[in-house]
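Subject: Handover of a structure and the findings on it

Dear colleague,

Please find the structure below for your records. My notes on it follow, and I would be grateful if you could read them alongside the coordinates.

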2 protein chains.
Amino acid sequence: MRIGELGEFDLIDRLLKAAGTPKIEPPLGPGDDAAALRPSPGMLLLATCDSQVEGHHFRLGSISGEQLGQRLAAVNLSDIAAMGGKPRWALASLILPTSLELEFLEQLYRGLADVLHHYECELVGGNVAAGETLILDLTLMGEVLPEQLLKRSGAHPGDVILVTGELGASAAGRAALEHGLKNAEAEELIRIHHSPEPRVAAGQLIAAEGQATAAIDVSDGFAQDLGHICSASGVGADVTEASLPIGKATRTVVNALSLDPIETALNGGEDYELICTVPPSASLLLIRHIREAIGLEMTRVGTITAGSGCRLLRPDGSRVALPQKGWQHFGA
Amino acid sequence: MRIGELGEFDLIDRLLKAAGTPKIEPPLGPGDDAAALRPSPGMLLLATCDSQVEGHHFRLGSISGEQLGQRLAAVNLSDIAAMGGKPRWALASLILPTSLELEFLEQLYRGLADVLHHYECELVGGNVAAGETLILDLTLMGEVLPEQLLKRSGAHPGDVILVTGELGASAAGRAALEHGLKNAEAEELIRIHHSPEPRVAAGQLIAAEGQATAAIDVSDGFAQDLGHICSASGVGADVTEASLPIGKATRTVVNALSLDPIETALNGGEDYELICTVPPSASLLLIRHIREAIGLEMTRVGTITAGSGCRLLRPDGSRVALPQKGWQHFGA
């Protein structure tokens, strides 16, 4: 059934059913003019929004409804993770072409709710409106203890730069999809590209450890996002090319497509890994704690410097300005 | 300048400048992965989102950037008003065609921020992405004392149905715009249609008075929105046709366009007035308090009944089912 055959309120009912019953009832969820929520005493409220636009962030036909819902949740959860927060509540605002299949949308809602519920986050409201292309906009609210808030602005010269997981996997997956590459590695990376895993637990652990001086998630691209930390903190950075965590599958796929693995890792974007800076004395302990607590590797990829600008230390000993070609909307 | 000539981060800088400096600094506003906000102790957090879609809610060329920003703020503020809340923080998520003029967008941001600031609400974050048509999505967060929360679900048989201001003015303005009607009344109503006044102060006064059993704002249309109160409360309603507050300008314009004033008032929608239900003993006092505090008229338009369904009492004494033809997205 196409959604144009349903009325707005029937559609909302179907979507709420697809999302399933919340595990924890908010004081007042969907069905009134606004959701009414009970913030935890003493916590800061975190609020972020991020959208997925058909033809720009995804293509209908190459992503399942479930994956698209998971992706919508993940890109927003990642922003809360980068602040050290615990996700709590989400609002989904959907712009829907009337020709869209209800089944696709129900799957999308299931994928969205599954990922949110996994992080104990409830879908408490939203909005639907008709439009020409499919646009999904999620607002995510979370909470964090004021003393644990991770900002972009506290990095100090001498701090070690750490990054979770791997870089370039999502971009390699996107490239595999665009070039129609089909093998086991490509499929794995396409899956990562379609439903990235937000580093929510890592963000909370980093925040609780209390040593990180700055943090950000990698959405636009590692080089660009590290650049955001540097501008906000008034510092520079040296990044060691050889230390960039690039997985085997990523290397295989970018080689098969004649792409540069370093360029892919630095500027591919949509990794949804966390970059954080910590004093050198704290870095080994933090890496060990994260590994022991959740089995996630963090890699030391460079050092914060005085001054400004990011540099890349090449294996031949040369030092070049870190190329920043990551994702920006609106060209220029 | 078209926004496609700017990079994403330059664009965001320009928009933040257009929005002006917040009067009250949140703990952490735009410029990090999420805004960090300090909820007031003991208050419930209200959260809502509503979008304005080019070609559906507005047409470029017939609305100024400033009015569009005002409208985006107003439709969301109205939802917080309907819960009795005080608006606090907003996130703006924009989908922007690269051909859009920067000046239009800056004006839009100015209009948005002006209305938000008027209600002591701060724009604390957002997102921009490229897309084919202009889509504006605002998330608004507010606060309310738990005991003052206005819901849709508490109306009792015998309660009086009150509505603020006038009905049908926005729809008459929309019709005037579509038919190219140009006279003083039409211009006044087009202005109301483009930048409606959300009933924020009235909502808070109604909530503080503590007598209202249910409330909703009129967005889809009076008949439909009253229907939402009735379904949520498990009651019916009798509405007296002769009591519907229809202004002189609205009557003049709908007559000039051969439209039905009653139909316009009942189903025109986008009035952003508040409907509330109160026990009969409290209604006169509430009407007087609102008039004295903010100079706003409330009109008694009917009575909540046992059972279900809304009926319209015609001037000839007949009683018909309240026609519900208000706005629903997705046809059906």
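Is Arg314(A) buried, partly exposed or exposed? Arg314(A) has a relative accessible area of 36%, so it is classed as partly exposed. Please bear in mind throughout that this is a predicted model.

Salt bridges within chain A

Arg314(A) is joined to Glu241(A) by a salt bridge between their side chains, with an N to O distance of 2.6 Å. This pair links distant parts of the chain, 73 residues apart. Glu241(A) sits in the loop between strand 8 (236-240) and helix 8 (248-256) of chain A, while Arg314(A) sits in the loop between strand 11 (309-313) and strand 12 (319-321) of chain A. Glu241(A) has a relative accessibility of 10% and therefore counts as buried, whereas Arg314(A) is partly exposed.

A second salt bridge is formed by the side chains of Glu106(A) and Arg14(A), at 3.1 Å from N to O. Because Glu106(A) belongs to helix 3 (residues 102-118) of chain A and Arg14(A) to helix 1 (residues 8-19) of chain A, the pair ties together parts that are 92 residues apart in sequence. Here Glu106(A) is buried, with 13% relative accessibility, and Arg14(A) is partly exposed, with 33%. Over all chains, the count of salt bridges comes to 30.

The interface of chain B and chain A

The contact between the two chains involves 70 residues from chain B and 70 residues from chain A. The area buried between them is about 5300 Å², and carbon and sulfur atoms give 61% of it. Across this interface there are 4 salt bridges. With both residues at pLDDT 80 or more, 19 residue pairs are in polar contact between chain B and chain A. On the side of chain B that touches chain A, strand 2 (residues 44-53) of chain B gives the most, with 9 residues. That side of chain B divides into 38 nonpolar, 19 polar and 13 charged residues.

One salt bridge may be described in detail. Asp33(B) pairs with Arg152(A), and their closest N and O atoms are 3.2 Å apart. Asp33(B) lies in the loop between helix 1 (8-19) and strand 1 of chain B, and Arg152(A) in the loop between strand 5 (135-144) and strand 6 (160-164) of chain A, so the pair joins two chains. Asp33(B) is buried, at a relative accessible area of 6%, and Arg152(A) is buried as well, at 14%.

Strand 2 (residues 44-53) of chain A and strand 1 (residues 35-37) of chain B run antiparallel and are joined by 3 bridges. Within this pairing, Ala36(B) in strand 1 of chain B is the bridge partner of Leu46(A).

A residue in helix 5

Finally, Ile192(A) is located in helix 5 (residues 184-194) of chain A. Its relative accessible area is 26%, so Ile192(A) is partly exposed. Apart from neighbours within four places in sequence, Ile192(A) is in contact with Ala169(A) and Ser170(A). Between Ile192(A) and Ala208(A), the separation is 16 residues in sequence and 27 Å in space, C-alpha to C-alpha.

With kind regards

Terms used
Residues numbered from 1 in each chain as written. Chains lettered and ligands numbered in written order. Heavy atoms only, no water. Contact = heavy atoms within 4.5 Å. Buried area = accessible area lost by both parts, 1.4 Å probe. Polar contact = N/O pair within 3.5 Å; in protein donor to acceptor, adjacent residues only side chain to side chain. Helix = DSSP H or I, 4+ residues; strand = E, 2+ residues; numbered from the N terminus. Nonpolar A, V, L, I, M, F, W, Y, C, P; charged D, E, K, R; others polar. Pairing = 2+ DSSP bridges. Buried < 20%, exposed > 50% of the residue type's maximum accessible area, 1.4 Å probe, protein only.
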